[in-house]
Amino acid sequence: MLIKSRKNWQLSENEATPLSTYKTRRDVLRTMGIGAVASVGITSAGVASGLLGLGEARAESLSYIKSAYDPNEAQTSHNAVTGYNNYYEFGTGKEDPAKYAHALTTDPWVVEVAGEVKHTGSYSIEDLIRPHQLEERIYRMRCVEAWSMVIPWLGVPLADIIKRLEPTSRAKYVMFHTAVRHGEMPGIGRPVLSWPYVEGLRMDEAMNPLTLLSTGLYGEDLLPQNGAPIRLVVPWKYGFKGVKSIVKISFVEEQPQTSWEKSASDEYGFFANVNPQVSHPRWSQASERRIGEFRRRPTLMYNGYGEEVAHLYSGMDLAKYY
Ligand code: MTE
């Protein structure tokens, strides 16, 4: 993100692939009783979170399915996906996250669920994710800075988790908070943004089948620079909506003010839908630099996901609600 002041996919569902590295260390710690946190123990598909025998837990977590989501475009190299990042808590340089984020303690990790929702409480990643089948979703990612990637994420649809948590009828938005770790995050000593990094989605956006809570990419757990252990992926929006290293998910009545809106509301709006027709005040959004490619390519409306999401914004003036 540039700071002002400082200037069609469908594959079959049952193509299972082993995920050798997923959560093995966590499984061991878990069996030893380390890293377990308070949980309300909600269940899904017959799996009782926090109460599984090890064998059963492993069977759940060692595989992911290759989902239907694949734009059939060349994937950005693993080196670039994990080496060219925005994660300002670790610095504003693109290489800072890869350099410094290994200091982030990601295990154990607790996500607080709060607000207008039945199952409030503190959840380990396992409690949130394990009852669901991990999927691979290959998505385009378009940064507001006009570069883009194609990334094979692993994760679960946010909608599935929201359904288990059972928001009340008053919940109109979902708000996400990132970790703030003094001592582990060298970037938070600088007033680049107001920490914690906060993001939000309208409930229908959060429930859209494209919206993913990701715990991995390229078949492995997320690295800290990509937002380990759990982050949001919203492929039709600019990348800054994809909040990393989530520690809190709140269900709220009012539209939350995001960190980027607070910092420069004229430049970074709440909706942040990829839109080649609405320029950023300081640069055009009509085209983008795909990392690894030589020539710029035109930017697609909703990053190419219009068929799935355009209905969410019908009747809205997209120049006003940017
Ligand atoms: N989340 C946090 N907590 N801090 C950040 O600085 N940067 C955002 C988003 N999530 C950011 C964040 C921006 S601007 C982008 S483009 C994406 O993360 C980049 O994700 P990536 O580095 O995994 O490609």
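Trainee: How many bridges join strand 7 to strand 8?

Mentor: In this predicted model, strand 8 spans residues 147–157 and runs antiparallel to strand 7. Across the pairing, Arg140 stands opposite Val150 of strand 8. The number of bridges joining the two strands is eight.

Trainee: Which residue in the turn between strand 7 and strand 8 has a positive phi?

Mentor: The two strands form a hairpin, and four residues lie between them. In that turn, a positive phi of about 75° belongs to Ala146.

Trainee: In which sense, parallel or antiparallel, do strand 4 and strand 7 pair?

Mentor: Strand 4 comprises residues 63–66, and three bridges connect it with strand 7. Ile65 stands opposite Glu135 of strand 7. The sense of the pairing between strand 4 and strand 7 is parallel.

Trainee: Why is strand 7 described as largely enclosed by the rest of the structure?

Mentor: In a regular strand, side chains alternate between the two faces of the sheet. Here, Leu134, Glu136, Ile138, Arg140 and Arg142 point one way, while Glu135, Arg137, Tyr139 and Met141 point the other way, and all are buried. Strand 7 is therefore largely enclosed, the number of its residues (134–142) that are buried being nine of the nine.

Trainee: Which tyrosines are in contact with Trp236, leaving aside its neighbours within four places in sequence?

Mentor: Trp236 has several such contacts, including Glu205, Leu210, Val274 and Leu312.

Trainee: How far from Glu89 is the nearest side chain of opposite charge?

Mentor: Glu89 is placed in the loop between helix 3 (78–83) and helix 4 (96–100). Leaving aside neighbours within four places in sequence, the residues in contact with Glu89 include Thr178, Met185, Trp195 and Tyr197. Glu89 is buried yet has no salt bridge, for which the cut-off is 4 Å. The nearest side chain of opposite charge is that of Lys244, and its distance is 7.6 Å.

Trainee: What share of the chain's residues is buried?

Mentor: The chain contains nine helices and 16 strands. Its accessible surface comes to about 13600 Å², with 53% of this belonging to carbon and sulfur atoms. Of the 322 residues, the share that is buried is 55%.

Definitions and conventions
Residues numbered from 1 in each chain as written. Predicted model: local features only at pLDDT ≥ 70, side-chain atom pairs only at ≥ 80, totals over all residues. Heavy atoms only, no water. Buried < 20%, exposed > 50% of the residue type's maximum accessible area, 1.4 Å probe, protein only. Pairing = 2+ DSSP bridges. Contact = heavy atoms within 4.5 Å. Lys, Arg positive; Asp, Glu negative; His and termini not counted. Areas by Shrake-Rupley, 256 points an atom, 1.4 Å probe, with all protein chains shown as cover.
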